[in-house]
Each structure stands twice: as C-alpha cells, then as structure tokens.
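Please look at the sequence and the structure shown below, and keep both in view while reading this report.

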Amino acid sequence: MGYATLGLSRHLLVSAVPTQSVREEFLMLAPKAVDPHLIAGLLHQVASRALEAHHAYRYGDVLGPANALVPGSDLTALYVAMPNYFPDEFATFTDEDGDIDIAWLVPITTGEAHFVRHHGWHKFEDVLAEQDPDVIDFHRSEVKL
C-alpha cells in the first residue's frame, strides 16, 4: 500500500543549500498487514518536524533511530530516498507554482542508519542494489553491512 502526505508542498522549506527553498511531499510504502494508522502517524511526525523546523529532508537523510517503527520490528529509522520503485517522472511533480519533490521514507535498522551516517548514502544505495532487500517489509532483517 502507498501512503503520502498531501499539502506539505504548500510550504516552502529550506534545503541543504541555504538560499534555496523546496516544496516536497513524503511517500511511504507498506504491506497491507501493517496498520495504516501507524504509517499515517509516521508521516504526520515527519511532516510536522519538517514544518516546525522549516527544513526539507533531502535524499540520503536519515531520521532517527528511535523506537521500533511498528511493533515487533527491528526497523527504527527512516531513510529518505528517491522513489525508485516508480518511473523516474514520479520523483518530481510540477504544478503552477513549480516543482514538488517526492521523498520516499524507507524504514531501516539502527545499524543501517549508522552505516549511512558514517559511509554515506551512495555506499548504502550500493548495498541495497547489491542485496536487493524487500525495503517495503517492516519486519525484514538488516542488510549485511
């Protein structure tokens, strides 16, 4: 199932480049077995934090780690990725006010979060491409780092 924020893009958020503002929406994918209220709550938390800080999350950012994202899961953080499960055109939507970036929030483990922070998101993307884990599975095992 796919879940997304709607309306976050009405707000300009500061990007990593201080003189640039961006508009974005967040996307999460989850199996039908995961309670939709949990996913909605995660999206609400992330969007609220972005609005409060006026800060855009960019590809490669890690949010967390904290507690398990869903009960019984080892996934404790969210990795901001391009929505590469979809056609390339899905990554950016353009309306009359300009571009809206779509940021996919991928659930990851604490170990994976530390890997991204210490080795960079490019290396983490390489690991994901090599091992091809089911990143939609909220109960998946940590990739081999």
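This is a predicted model: local features need pLDDT of at least 70, side-chain atom pairs count only at pLDDT 80 or more; totals for chains, interfaces and linings use all residues.

## Two helices in contact

Which residues of α2 and α3 meet? On the side of α2 they are E112, F115, V116 and H119, while on the side of α3 they are W121, K123, F124 and V127.

## Aromatic rings

A pair of aromatic rings is described by the distance of the centres and the angle of the planes. Searching the whole structure gives five aromatic pairs, and one of them joins Y79 and F124, whose ring centres are 5.0 Å apart and whose planes stand at 75°, so that this pair is edge-to-face. Since Y79 belongs to strand β6 (residues 75-81) and F124 to helix α3, the pair ties together parts that are 45 residues apart in sequence.

Are Y79 and F124 buried or exposed? Both of these residues are buried, and together with F115 they form one aromatic cluster. F115 and F124 are also among the residues listed for the contact of α2 with α3.

Another aromatic pair, made by F86 and F90, is stacked, with 4.5 Å from centre to centre and 20° between the planes. F86 has a relative accessibility of 29% and therefore counts as partly exposed, and F90, at 35% relative accessibility, likewise counts as partly exposed.

## A charge over a ring

A ring can also be viewed together with a charged side chain, and here R58 lies over the face of Y59, at a distance of 5.9 Å from the ring centre.

## A residue in helix α1

S48 has its place in helix α1, which covers residues 36-53. Why does S48 count as partly exposed? Its relative accessible area is 22%, and because buried means under 20% and exposed means over 50%, a value in between counts as partly exposed.

How many residues apart in sequence are S48 and A103? They are separated by 55 residues in sequence, and in space they lie 15 Å apart, C-alpha to C-alpha.

Technical notes. Residues are numbered from 1 along each chain as its sequence is written. Side-chain values use heavy atoms; hydrogens and water are left out. Contact means heavy atoms within 4.5 Å. Helices (H or I, at least four residues) and strands (E, at least two) are DSSP runs, numbered from the N terminus. Buried means under 20% relative accessible area, exposed over 50%, partly exposed in between (1.4 Å probe, protein chains only). Rings of Phe, Tyr and Trp (its six-membered ring) pair if their centres lie within 6.5 Å; planes under 30 degrees apart count as stacked, over 60 as edge-to-face and the rest as tilted. A charge sits over a ring if NZ of Lys or CZ of Arg is within 6 Å of the ring centre and within 35 degrees of the ring normal.
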